[in-house]
Amino acid sequence: MTPMIDVVFQMIIFFVCTAQLEREQFSEWINLPNSPNAPEMAQEKDPRTITIEVDDKGKITIGRTPLSVSKLQKILTKAVSDYGVHGPSIPIQIRADHASRHANVKRVMDICTASGLYKIAFIAVKDDLE
Amino acid sequence: MRGKRQRRFAGTDTDVEVSMTPMIDVVFQLLIYFLVTFSTAEVLSFLDISRPAPDAAQEAQSPPADMIRIAVMENGYAINGRDVGDEELKVLLERLAAVSTKQTVLVNCDDQSFHGRLVDILDLCAANELSQIAVMSGK
């Protein structure tokens, strides 16, 4: 009995940890703005989607890695050229803090458009289940 | 010995004891883990915007008449060049959207205004089924 319980608990812990990974790639310190009327986000998103985060102080991060403006520019330009013809249609999602100044968000949008990307969307919270 | 083993694996042995103390330890560890990592799930939504190319920004100086222009300022909004408050904007936008939802909404956001206020406007557009939204940069 005891070894079985050990193994079962190990499995529970394993599943719990791996289930959390998807959420871990975003910063938890960003307070997204509320938008109850916007369409709900699809479960299956384009695998090419790049999510850029902008916090309330204007810091730009992708997958928890802080980036400078020029670095972001380089990354996006490279992503666009890597995908060739389909490059400009890479969807961009901007997770910006509601208390961030528009100038910070604008900077990110300007870099996106400068790289040729046009599919830009802001992420907001539709429904808080609290 | 053989007989004893068989009986054990047949599950008829009442001697098998589960020592509770380590299990309770582990269960409490799990409980604490879940409590610490607990966070309510949020339903996310997205607001599509289209961006005029940077060099096209100059051309947009004189927008066509069937365009709704909304300016988001640090404190307040303006629609088609008229300063309005939150409620007034809502009413006006509803009225304009009733005419046609195919109109282009040109949102011009001030650098110093908060991102949340821009999203409020985009949300309002989404509520009125206006989907042609362009967000301009500049003062």
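The legends below describe close-up views of a predicted model. Local features require pLDDT of at least 70 and side-chain atom pairs count only at pLDDT 80 or more, whereas totals for chains, interfaces and linings use all residues. Residues are numbered from 1 along each chain as its sequence is written, chains are lettered from A in the order in which they are written, and side-chain values use heavy atoms, without hydrogens and water.

**View 1. Fold of chain B.** Chain B contains four helices and six strands, taken as DSSP runs numbered from the N terminus (helices: H or I, at least four residues; strands: E, at least two). Along the sequence the pattern is α-α-β-β-β-β-α-β-α-β. Of the contacts in chain B with a separation of 6 or more, 70% join residues 24 or more positions apart; a contact means heavy atoms within 4.5 Å.

**View 2. The largest nonpolar core.** This core has 47 residues. A nonpolar core is a set of buried Ala, Val, Leu, Ile, Met, Phe, Trp, Tyr and Cys residues joined through side-chain atoms within 4.5 Å; buried means under 20% relative accessible area, exposed over 50%, and partly exposed in between (1.4 Å probe, protein chains only). The residues with the most contacts inside the core include Ile52(A), Ile94(A) and Phe122(A), together with Val107(B) and Leu122(B). Helix H4 of chain B (residues 115–127) gives the most to this core, with six residues.

**View 3. Surroundings of Ile94(A).** Leaving aside neighbours within four places in sequence, Ile94(A) is in contact with residues including Ile52(A), Val54(A), Val105(A), Met109(A) and Phe122(A). A second, separate core of five residues includes Ile30(A), Ile123(A), Val125(A) and Leu44(B).

**View 4. Aromatic pairs.** Over all chains, the structure holds two aromatic pairs; rings of Phe, Tyr and Trp (its six-membered ring) pair if their centres lie within 6.5 Å, and planes under 30 degrees apart count as stacked, over 60 as edge-to-face and the rest as tilted. Phe14(A) and Phe15(A) are edge-to-face, at 5.5 Å centre to centre with 65° between the planes. Tyr33(B) and Phe34(B) are also edge-to-face, at 5.8 Å and 65°. Tyr33(B) counts as partly exposed because its relative accessibility is 31%, and Phe34(B) counts as partly exposed at 39%.

**View 5. Arginine charges over tyrosine rings.** A charge sits over a ring if NZ of Lys or CZ of Arg is within 6 Å of the ring centre and within 35 degrees of the ring normal. The charged end of Arg48(A) sits over the ring of Tyr83(A), 5.8 Å from its centre. In chain B, the charged end of Arg117(B) sits over the ring of Tyr77(B), 4.6 Å from the ring centre.
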